[in-house]
Amino acid sequence: MPSSEIEIIRHSLAHVLAAAVREIFSGTKFGIGPVIENGFYYDSDLPIPLTPEDLPKIEKKMRELIKKNIAFEKQKISKEEAKKLFKDQPYKLELINELKEKEATIYKSGDFIDLCRGPHIKSTKEINLDAFKITKIAGAYWQGDEKNPMLTRIYGVAFDNKKDLDNYLKNLEEAEKRDHRQLGQKLDLFHIDEEFGAGLPLWHPKGALLRQIIEDYWIGEHLKNGYELLRTPHIARLGLWQKSGHWDFYRENMYSPMDIENEKYIVKPMNCPGHILIYKTHIRSYRDLPLRWAELGTVYRYERSGVLHGLTRVRGFTQDDAHTFCAPEQLGQEIDSTIKFGLKMLKTFGFKEYDICLSTRPEKYVGALKNWEKATKALEYALKKQGLKYQVDPGEGVFYGPKIDIKIKDSLGRAWQCTTIQIDFNLPEKFAVAYVNQKGKKQQPIMIHRALLGSLERFTGVLIEHYAGAFPVWLSPVQAWIIPIANRHNKYADKVNRQLTAHNLRLEIKNENETVSKRIREGELQKIPYMLVVGDKEEKAKSVGVRDRKKGDIGMMKIEKFIEKITKEIKNKK
Ligand SMILES: [Zn+2]
Ligand SMILES: [Zn+2]
């Protein structure tokens, strides 16, 4: 239901949209027209199919109507009267029949009458003609049910003023240019193949290399920060998931069991139980804690096909997972260092703004109340200690423990959920995880689940959009192209290539029979950080002609000088 002023305007615009459609396409049957983020839509069953070319016509008609200063009049009528009024509108009749109230509320604006609870503006005078736009059409099943007819959904956006609208449209255009699904194909990084399966991305050589670069950095940083690496298989026996509680509480996200020699196995939706079984292979002492165990663990979770989206919403993905087992008194320190570690890594990838959220105990929970309080305090302590701004979501924690979520903001200001740090009172209990404390007694350690990047798939998708495919040099799968001007320079190009690859640089020689300018243009489209043009002059001077992706031609440079420049950039991860 619309509440703020702009939402009321947006929803009123939905009525105006329907009124305009009704005037242009007589015989249209109307569905519903709610407010959505930034705008509104209206679903209708049109007598003829609509094309995007019809949208300006509809928008023009809306403007005509708005200029007439049409008043919105609210009226309550009996259901019987409403049925008579909407006798030619089958979708409205369905809605009237579903009404729980005795009476129906209708809104009249000019000749257009709609079944609606409101609220609405007093008159179309309140609508800023320069601050709305009809944007697109899509198909939508009536009531969201695919057994029902497909209606035409017409979308619009509206803001307080023209500036906000222009900003929004500019951002939208920018977001389209950065769409990782398109860039993924253009830059030959990955694709999703219907023949292989929805939500299961296939990584091409350059995409697989990009992922490897991310993973190598991730592994290196974890080893430096006191983590050990684990590996666990992709399937495990059903009994394990029954014991962990996933089979009861998480089944809707899990795939059906498979049969292996009359034993049921499940494709893993999580890595935790495997890590716990490794913990339990030894008697652990307080001296061993904290144990920090990390795994780039591939998991599979069911997502409806309708919500799948490129790399950011998939059915199989690799979590950058870790589990820390620590003594209760170590918790504050562990959370503190985990947040620090996570933020440092995100910063290195170029994300410097975050939304941080602390979620506390929900109604239904496991574990002792005093442990929840202690754990929540530890999370708060760490956030405060680092002077981080955060918001508290009361009751939004998982049933097994409180958590911290960090969303990163990309270059367009969009927020993406990546880091999650969760405390778990459930699994240690279920698996009787223990350590021997200083008094020689068995005690339950605290288990922390955490992922810093979230998943490699999603994070790579976000990276592609953040950089619009123009990755910093250290991340670029191909860091430079060598472009020999003529065939006679191929030998020198090879020599340059050998010299550079000896410094672990990633290069390609582009010696196709194309003009130099055409090859440079292609390199720009492929967002290659450096292009090294080599001809007679360069060969003679043991140099390369350097084109920087951002600055263009930066002149001739000795090979050693270029190596020094690029390796420094890579080292600094700039
Ligand atoms: Zn309404
Ligand atoms: Zn876990």
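Mentor: Pro 119 sits in the loop between strand 6 (112–115) and strand 7 (132–141); strands (E, at least two residues) and helices (H or I, at least four) are DSSP runs, numbered from the N terminus. The peptide bond that leads from Gly 118 into Pro 119 is cis, with omega near 0 degrees. The model is predicted, so local features need pLDDT of at least 70 and side-chain atom pairs count only at pLDDT 80 or more, while totals for chains, interfaces and linings use all residues. Residues are numbered from 1 along each chain as its sequence is written, chains are lettered from A and ligands numbered from 1 in the order in which they are written, and side-chain values use heavy atoms, with hydrogens and water left out.

Pro 290 is in the loop between strand 15 (284–285) and strand 16 (291–300). Most peptide bonds are trans, and most residues other than glycine have a negative phi.

On phi, two residues stand out. Ala 468, in the loop between helix 14 (456–467) and strand 25 (480–484), has a positive phi near 50 degrees although it is not glycine. Ala 468 is buried at 15% relative accessible area; buried means under 20%, exposed over 50% and partly exposed in between, with a 1.4 Å probe and protein chains only. Asn 504 lies in the loop between helix 15 and strand 26 (507–509), and its phi, near 60 degrees, is likewise positive in a residue other than glycine. Asn 504 is exposed, with a relative accessibility of 66%.

Helix 15 (residues 490–501), at one end of the loop that holds Asn 504, packs on helix 18 (residues 559–572), the axes coming within 11 Å and crossing at roughly 40 degrees. Axes are lines fitted to C-alpha atoms, for helices over the stretch in contact, and angles run from 0 to 180 degrees between N-to-C directions. The two helices are therefore oblique to each other; angles under 35 degrees count as roughly parallel, over 145 as roughly antiparallel, 65 to 115 as roughly perpendicular and the rest as oblique. The crossing of helix 15 past helix 18 is right-handed, meaning that the near helix is turned clockwise from the far one by less than a right angle, with anticlockwise giving a left-handed crossing. Helix 15 contributes Tyr 492, Val 496, Gln 499 and Leu 500 to the contact, and helix 18 contributes Ile 559, Glu 560, Phe 562 and Ile 563, where contact means heavy atoms within 4.5 Å. By class this contact has six nonpolar, one polar and one charged residues; Ala, Val, Leu, Ile, Met, Phe, Trp, Tyr, Cys and Pro count as nonpolar, Asp, Glu, Lys and Arg as charged, and the others, Gly among them, as polar.

Another helix pair is formed by helix 7 (residues 205–224) and helix 11 (residues 331–348), which pack at about 150 degrees with their axes 12 Å apart. That angle makes helix 7 roughly antiparallel to helix 11. Their contact uses Tyr 217, Trp 218, Glu 221 and His 222 from helix 7, with Phe 341, Lys 344, Met 345 and Thr 348 from helix 11. Leu 210 also belongs to helix 7 and is buried, at 0% relative accessible area. Not counting residues up to four places away in sequence, Leu 210 touches Thr 460, Phe 471, Leu 475 and Pro 477.

The zinc ion (ligand 2) is coordinated by Cys 272 (SG), His 323 (NE2) and His 449 (ND1) at 2.0 to 2.4 Å. Donors are N, O and S atoms within 2.8 Å of the metal (3.2 Å for Na, K and Ca), and water is not among the atoms, so sites may look incomplete. Cys 272 is in helix 10 (residues 272–279) and His 449 in strand 24 (residues 446–455), so this pair ties together parts 177 residues apart in sequence. Cys 272 is buried at 2% relative accessible area, and His 449 is buried at 10%.

As for the whole chain, the secondary structure comes to 18 helices and 29 strands. Buried residues make up 50% of its 574 residues.
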